[in-house]
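User: I have a structure open and would like to talk through it with you. Can we take it piece by piece?

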Amino acid sequence: MPEELLSKEDCARCRQCCAFESYSLWDTPLITPGLKAEILSLRPKQEFLSREGCFLLKMQREPEGDLYLCPMLDRRHGCILGDKKPFDCRIFPFRVMLLGDRRVIALSPECPEVSGRPIAVIAERCRELEAAIFAEADKHSEFVKPYQRGFIVLAAEERR
Ligand code: SF4
């Protein structure tokens, strides 16, 4: 979704959001049951962990260092899921989070491409996408993650 912030070429060069250290495994993408079926049609041996009615991709630790690469990442061609990427990946570097009793859209500190952009530009793109992101999160409450320190809140939803 945030293509105006991140081009496909930017993401293809970087792929940092497809690699996780053990402290950031909480942020691995949530897989809906429908997407799980699609993944199994591509990778029948892929294993999953259950989480709140959805799934997480089981990842193997790389032999060197504290790093887990998403198994959907093809080192030459990028994400094999293409346009069917999980919601978390489609909205990255934004995250829907619960802060107190309100859902917010926050900016992940993990994206090196976006972190160099003016915050006003990022906030403007967030405003344009806000309604669509919250609407998607309405369909899957599991997409809403607990707020984590270091994430910059860009938008908060109206109290319901
Ligand atoms: S599903 Fe695709 S975009 Fe998302 S973390 Fe895995 S490889 Fe990256």
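User: Where does H4 bend, and by about how many degrees?
Analyst: In this predicted model, helix H4 bends at Leu-129, and the angle there is about 55 degrees.

User: What span should H4 have at 1.5 Å a residue, and what does the model give?
Analyst: H4 covers residues 119-139, and because its 21 residues at 1.5 Å each should span 30 Å, the 29 Å between its end C-alpha atoms agrees with that expectation.

User: Which residues of H4 are buried?
Analyst: They are Ile-122, Arg-125, Cys-126, Leu-129 and Ile-133, so the list includes Leu-129, where the helix bends.

User: Switching to the ligand, which residues surround it?
Analyst: The surrounding residues are Cys-18, Pro-29, Cys-70, Met-72, Leu-73, Cys-79, Leu-81, Lys-85, Pro-86 and Cys-89.

User: How does that shell split by class?
Analyst: Nine of the residues in the shell are nonpolar and one is charged, while no polar residue is counted there.

User: Take Leu-81 from that list; where is it found, in terms of E7 and H3?
Analyst: Leu-81 sits in the loop that runs between strand E7 (78-79) and H3. Leu-81 counts as partly exposed because it has 19 C-beta neighbours inside 10 Å, and the cut-off for buried is 20 or more.

User: What about Ile-80, what does it touch?
Analyst: Leaving aside residues up to four places away in sequence, Ile-80 touches Leu-42, Met-72 and Asp-74, and Met-72 is also one of the residues that surround the ligand. Ile-80 is found in the loop between E7 and H3, and with 15 C-beta neighbours inside 10 Å it counts as partly exposed. Between Ile-80 and Ile-39, which are 41 residues apart in sequence, the C-alpha to C-alpha distance is 9.3 Å.

User: On backbone geometry, which peptide bond is cis?
Analyst: The bond from Phe-92 to Pro-93 is cis, with omega near 15 degrees, and Pro-93 lies in the loop between H3 and E8.

User: And which residue has a positive phi although it is not a glycine?
Analyst: That is Glu-52, with a phi of about 50 degrees, and its place is the loop between strand E3 (48-51) and strand E4 (54-57). Glu-52 counts as exposed, because 11 C-beta neighbours lie inside 10 Å.

User: Is Gly-150 buried or exposed?
Analyst: Gly-150 is exposed, since 10 other C-beta atoms lie within 10 Å. Gly-150 is found in the loop between strand E10 (145-146) and E11, and its C-alpha atom is 20 Å from that of Leu-6, which is 144 residues away in sequence.

User: Zooming out, what radius of gyration does the chain have, and what would a compact globule have?
Analyst: The chain has 16 Å, which agrees with the value near 15 Å that a compact globule of 160 residues would have. Along its principal axes the C-alpha trace spans about 45 × 35 × 30 Å, and the chain has four helices and 11 strands.

User: How many of the 160 residues count as buried, as a percentage?
Analyst: The figure is 24%. As for contacts between residues at least 6 apart in sequence, 66% of them join residues at least 24 apart.

Notes
Residues numbered from 1 in each chain as written. Predicted model: local features only at pLDDT ≥ 70, side-chain atom pairs only at ≥ 80, totals over all residues. Near = placed C-beta within 6 Å. Nonpolar A, V, L, I, M, F, W, Y, C, P; charged D, E, K, R; others polar. Helix = DSSP H or I, 4+ residues; strand = E, 2+ residues; numbered from the N terminus. Rg over C-alpha atoms; globule rule 2.2 N^0.38 Å. Buried ≥ 20, exposed ≤ 12 C-beta atoms within 10 Å, placed from the backbone. Contact = placed C-beta atoms within 7 Å. Expected span 1.5 Å × (residues − 1). Bend = angle between axes of the 7 residues up to and from the residue.
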